[in-house]
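Dear colleague,

I am handing over the structure we spoke about, and below it you will find what came out of going through one part of it. Please read the notes with the structure open beside them.

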Amino acid sequence: MSVKKNLAHQLIEQHLVSGKMQPGEEVQLKIDQTLCQDATGTMVMLEFEALGLPRVKTEVSAQYVDHNLIQADFKNADDHLFLRSASRKWGIWFSRPGNGISHAVHMACFGVPGKTLLGSDSHTCAGGAMGMLAMGAGGLQVALAMAGIPFSLVMPEVIGVEVTGKLPPWVSAKDVILEMLRRYDVKGGVNKIFEYYGPGLDNLTAMDRHVIANMGQEMGATASVFPADEAVRAFLKQQGREQDFVPMQAEEGADYDHHDSIDLSQLEPMIACPSSPGNVVTVREVAGKPIYQSYIGSSANPGLRDFVVPARMVEGQQVPEEISLDINPTSRQVLEELSRSGDLNRLLLAGARLHQTGCNGCIGMGQAPASGRISLRTVPRNFPGRSGTKEDQVYLCSPETATASALSGKITDPRDMEMEYPTFSEPETLGDMRPLMLAPEDRANEIPVELEKGPNIQPLPDFDPLPEKLTGPILLKAGDNVSTDEILPAGTDILPLRSNIPAISHYTFSRIDETFYDRAKKLDGDCFVIGGENYGQGSSREHAAIAPRFLGVRAVIAVSMARIHRRNLINFGVVPLLFAKPSDLAKLKQGSPLTFSDLAGQLQSGDVVNIELEDGKQLSVTHNMSEDEVATVLAGGLINQVRDSH
């Protein structure tokens, strides 16, 4: 009797190049599409250049400009020109500044059910909303995927989430994923895929599903998967691409590694309190706190309805003068439709501030809140200081909660609004965004494109192979749930330096210890970092691995690590080690010296590594690297390994 396959297993099996589909085993997958944004894309293009290929080998590769939009000096503008030239040179779609946020634009323009999508942005997983296997990864692995090299990952377990019921008034898709975060917190989804199925999906549009799939990353998930059903067909028809629809769903009677269920009709407005997406309570529990800002937009609430409902909530009213209602349309398509329908005018007449289409305040690129004041945001993350204000108080909520709170000046459950829940129906068609994108050209018989590199674009540093013996101090001991925002922050000062590792390294661990850079430069040698649980959660930014490596960090020892960051460490020759017992964390102090003898031999011979401590004792730690990953670390990183193999 044949085993009935769930959708996640079907997608993996259809793209399996090697490996066994057993949880914990390494598998390699063929990648159909790739996605880059400008904050990570500059490094991806430099890495692809190093491979020396004339053209990408994927079905579709796209480069978006959505993060570094503030042009306070030459840096971001120069990077935009570089990315445009790289796209022309290597056959990549280029989305110009102002077109919109990569995930929503890619879903509208290029998403196809049944395809694999790998992106150098952790929220690439939003593509799972339409029956794709969409995953975030470090930029170097995306560059290799663009070169046609399969993507390696640990085979995840699949959690089947049966969805029933219908959302009540004033409750929307953001409340669904916040409820999931309340259950699983920020690490409950590590090495897992969440697959949603059941009759309740009939009541969720493709863009509702995008909200849920997008923030699956905040649970640490490898991916989130929804079936490609009539809701996805309607979305593709709306985008003028109904011919791209392919039905995809779990086979009848399919099983899962774990089971969960969610009854939409029983949900209420939820909110994530500072400073973690997993710190979720009901809005009722924190209602009444005065706020400064309500921010609507981002990849986590990108749909037209996420702006239309607020527009109709504020119609005929005005936001109090002390409140900043910030509107970030997701794309030109959304902005055009809001303008056509009159909903943009409703927002403006109520006192809303309109910002350009892009990620903006979500990653600290403007719109920072006032000090000591509460900011409600529909964005995916509220890690400490991510907003651009050092001691921020960011809460994550739905557009309904953000709007109700903006009108009242305090955190408000939208069910307390004295009005009927605004109705919204998706328009049958929306404008095609692809005419405003630079399409790949066949350049076989043309003069080769020269890359436009401004002075801020510097080559990647060369990293040495792993030495036989490592000795150095613990330069930093950090706690649990350290995010890549804390390892290498974003923001208006830092994001423009993404193509300049020596410059951006000044900010390494600055959110945790402002002295780290100076101490690392003074040491000018090998050193180590210690962390607790879920080290490296959040963004896929590989700079959070490259900058510490540039400053001498050769190993990170933690209780557990987030999937993408762990692989980024390996990609750049930093050894990811795990405490055999969580209690061993207390045995290591910042400043204490560590010695690893015959580290290469230890990594190759098993999963135990012995560390010599300053008191002459030894501490045993472990690693969970595959044979190929060990080889990458020994070579000093994936670039060295690929270069040496050719």
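**Salt bridges and a buried strand**

Asp 343 is buried, with a relative accessible area of 0%. Please bear in mind that this is a predicted model. The side chain of Asp 343 meets that of Arg 312 in a salt bridge, at 3.0 Å from N to O. Because Arg 312 belongs to helix 10 and Asp 343 to helix 12 (residues 343–349), the pair ties together parts that are 31 residues apart in sequence. Arg 312, for its part, counts as partly exposed at 28% relative accessibility.

Gly 297 stands opposite Asn 328 in strand 16, whereas the bridge partner of Tyr 295 in strand 18 is Arg 377.

Within helix 11 (residues 332–341), Arg 340 and Glu 337 lie three residues apart, about one turn of the helix, and their side chains meet in a salt bridge at 2.5 Å, N to O. Arg 340 is exposed at 61% relative accessible area, whereas Glu 337 counts as buried at 11%.

Finally, Asp 413 and Arg 415 form a salt bridge with their closest N and O atoms 2.7 Å apart, and both belong to a network of salt bridges that also links Glu 268, Arg 284 and Asp 416.

Methods: Residues are numbered from 1 along each chain as its sequence is written. This is a predicted model: local features need pLDDT of at least 70, side-chain atom pairs count only at pLDDT 80 or more; totals for chains, interfaces and linings use all residues. Side-chain values use heavy atoms; hydrogens and water are left out. Two strands pair if DSSP finds at least two bridges between them. Helices (H or I, at least four residues) and strands (E, at least two) are DSSP runs, numbered from the N terminus. A salt bridge is a side-chain nitrogen of Lys or Arg within 4 Å of a carboxyl oxygen of Asp or Glu. Buried means under 20% relative accessible area, exposed over 50%, partly exposed in between (1.4 Å probe, protein chains only).
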